[in-house]
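Hello,

Here is the structure I said I would pass on.

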Amino acid sequence: MVASKTVNETKEKLSDLGQEHVFNFYSKLSEAEQKTFLEQVQSIDLNELKTQVDRLVLGNEKEADFNWDALKPADYISLPENGGDSALWEKAKSLGESVIKEGRVAAFTVAGGQGTRLGYDGPKGTFVVTPLSQKSLFEVFANKITRASERYGVAIPWFIMTSAINHKTTIEAFEANNYFGMPKESLFFFSQALFPAVDLNGKILLEEKGKVVMTPNGHGGSLRALVDSGATEKMRKEGIDVLSYFQVDNPLVSCIDPAFIGFHVLNQSELSSKMIPKAYPLEKVGIFCQYEGNNLVVEYSDMPKAMQELLDENGEIVFRSGSVAIHLFDRDFIERVGSASSADKLPYHKAVKKIPFINGSGEYKSPKELNGVKFEMFVFDALSKANNTVIIEGLRNDNFSPVKNADGIDSPKSCQKDQLNQAIRWLNAADVELDISPEGNKTKDFSFEINYRFAMDEEDFINQWNNLKNKPTIELGTIIE
């Protein structure tokens with residue numbers, strides 16, 4: 001039985017903040033439901049909630065005006081084929097390889113989402129993305145990390161952030177697949193924190209009579225979760241100080257990129273990012289910019305259309321640096337911005353949504369209009385708080401082909417085509433003659449695959465292929481592994 005003193009103290013705290021309605025149905029709950037409900041309410045940081053409601057919902061804190069005229073394209077390190085310094089890239093790559101071999105690097109995947117938009121019922125990481133071997137996103141990443149570990153002679157740890165909705169099923173998927181060939185001790189699972197949703201007047205919404213509406217606190221919440229879960233402490237004990245961040249929906253990402261790591265360490269960067277040149281002016285990706293001396297990411301939905309469409313004298317997009325959620329974080333920096341008590345902690349943003357709720361009469365309502373606010377942090381807000389930030393250019397066709405939509409752009413079909421085109425390019429780079437063109441119609445009914453367990457990038461593939469004594473014939477259905 002729940003102690004009445006505890007209940008009264010919790011009610012009093014809520015009442016002081018104008019949130020006493022949360023207990024409206026408490027007396028109608030069973031004893032077990034009361035216990036669960038009280039635990040949930042007590043887990044909420046009410047002072048943090050009040051701060052965000054005052055600032056973002058009630059508007060008691062005015063946000064500074066943004067001067068669009070002061071916004072500039074961010075500087076970045078160009079690839080050698082686009083005018084970058086080849087010697088510098090080689091130096092960075094060599095340094096990065098040394099850092100990996102020293103055991104200083106870990107991979108980190110943000111994997112809290114479900115496959116709902118793909119019409120798939122399950123954690124997005126378990127969605128199948130390879131055309132022939134039918135491997136899931138998780139298995140693709142596991143293969144890349146395993147190959148990197150083998151290539152550099154070190155066990156590279158993998159940190160995976162789940163959410164309340166998929167934590168259990170994610171771990172079960174790994175267990176059922178024998179951790180996709182990785183040592184169990186190299187994996188560290190933890191769940192993202194949740195934050196209450198409120199109505200447009202700042203009142204906490206109820207999902208059920210005994211349950212508050214709680215939503216994930218955004219991809220920026222991953223940094224706080226790394227600290228709160230003990231992940232950064234584990235990194236410290238294991239001598240890891242570089243964390244390779246990527247999101248679960250992008251199977252083309254280079255999970256462990258030596259040159260990227262080298263630039264990060266060479267510049268003593270606290271946060272490094274990889275930019276992909278935008279495919280077209282209004283592509284729906286964030287944009288790396290510079291504002292008042294700091295690098296930052298501007299959401300495509302925030303930047304005026306006219307600015308996105310600006311072209312330079314060469315006909316290239318002025319604000320061309322697309323942000324595709326590929327970053328490297330310094331461990332100590334994560335601990336600084338990921339601490340809830342830090343002056344450098346990431347700010348919350350509001351997202352106005354249609355949020356189903358229980359009204360004052362206990363009736364379930366599914367609103368047709370925007371009725372509530374979710375609070376979330378953005379990981380790229382850390383850019384303006386970091387020292388010595390570095391942005392390097394990456395090739396789209398070796399870094400970015402997300403699986404977001406059921407069909408069309410950024411779909412399983414478009415991603416599988418990109419995987420095939422990558423495989424063709426890698427074989428061509430190894431001087432393998434193919435009677436097909438990466439962009440031609442002949443690839444329509446032709447499919448083969450390179451297992452990322454065999455090679456993690458083009459250079460690795462060339463070496464691996466040249467060392468094969470019995471090279472397979474490349475034909476329909478071939479899997480190089």
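Please keep in mind that this is a predicted model.

I start with Asn 451, which sits in the loop that runs between strand E20 (449–450) and helix H13 (458–467). Its relative accessibility is 8%, and since buried means under 20%, Asn 451 counts as buried. Leaving aside residues up to four places away in sequence, Asn 451 touches Lys 135, Asn 143, Ile 480 and Glu 481. With one of these, Lys 135, the side chain of Asn 451 makes a polar contact of 3.1 Å.

Next, the packing of two helices. Helix H1 (residues 4–16) packs against helix H2 (residues 31–42) at an angle of about 45°, and their axes are 11 Å apart. The crossing of H1 past H2 is left-handed. On the H1 side the contact is made by Thr 6, Val 7, Thr 10 and Leu 14, and on the H2 side by Leu 38, Val 41 and Gln 42. By type, the residues of this contact between H1 and H2 are 4 nonpolar and 3 polar, with no charged residue.

Last, helix H7 (residues 221–228). H7 is mostly covered, with 6 of its 8 residues buried. The buried residues are Gly 221, Ser 222, Leu 223, Arg 224, Ala 225 and Leu 226. After H7 comes Gly 230, which has a positive phi, near 90°.

Regards

Methods:
Residues numbered from 1 in each chain as written. Predicted model: local features only at pLDDT ≥ 70, side-chain atom pairs only at ≥ 80, totals over all residues. Heavy atoms only, no water. Axes fitted to C-alpha atoms, helices over the stretch in contact; angles between N-to-C directions. Helix = DSSP H or I, 4+ residues; strand = E, 2+ residues; numbered from the N terminus. Left-handed = near helix turned anticlockwise from the far one by under 90°. Contact = heavy atoms within 4.5 Å. Nonpolar A, V, L, I, M, F, W, Y, C, P; charged D, E, K, R; others polar. Buried < 20%, exposed > 50% of the residue type's maximum accessible area, 1.4 Å probe, protein only. Polar contact = N/O pair within 3.5 Å; in protein donor to acceptor, adjacent residues only side chain to side chain.
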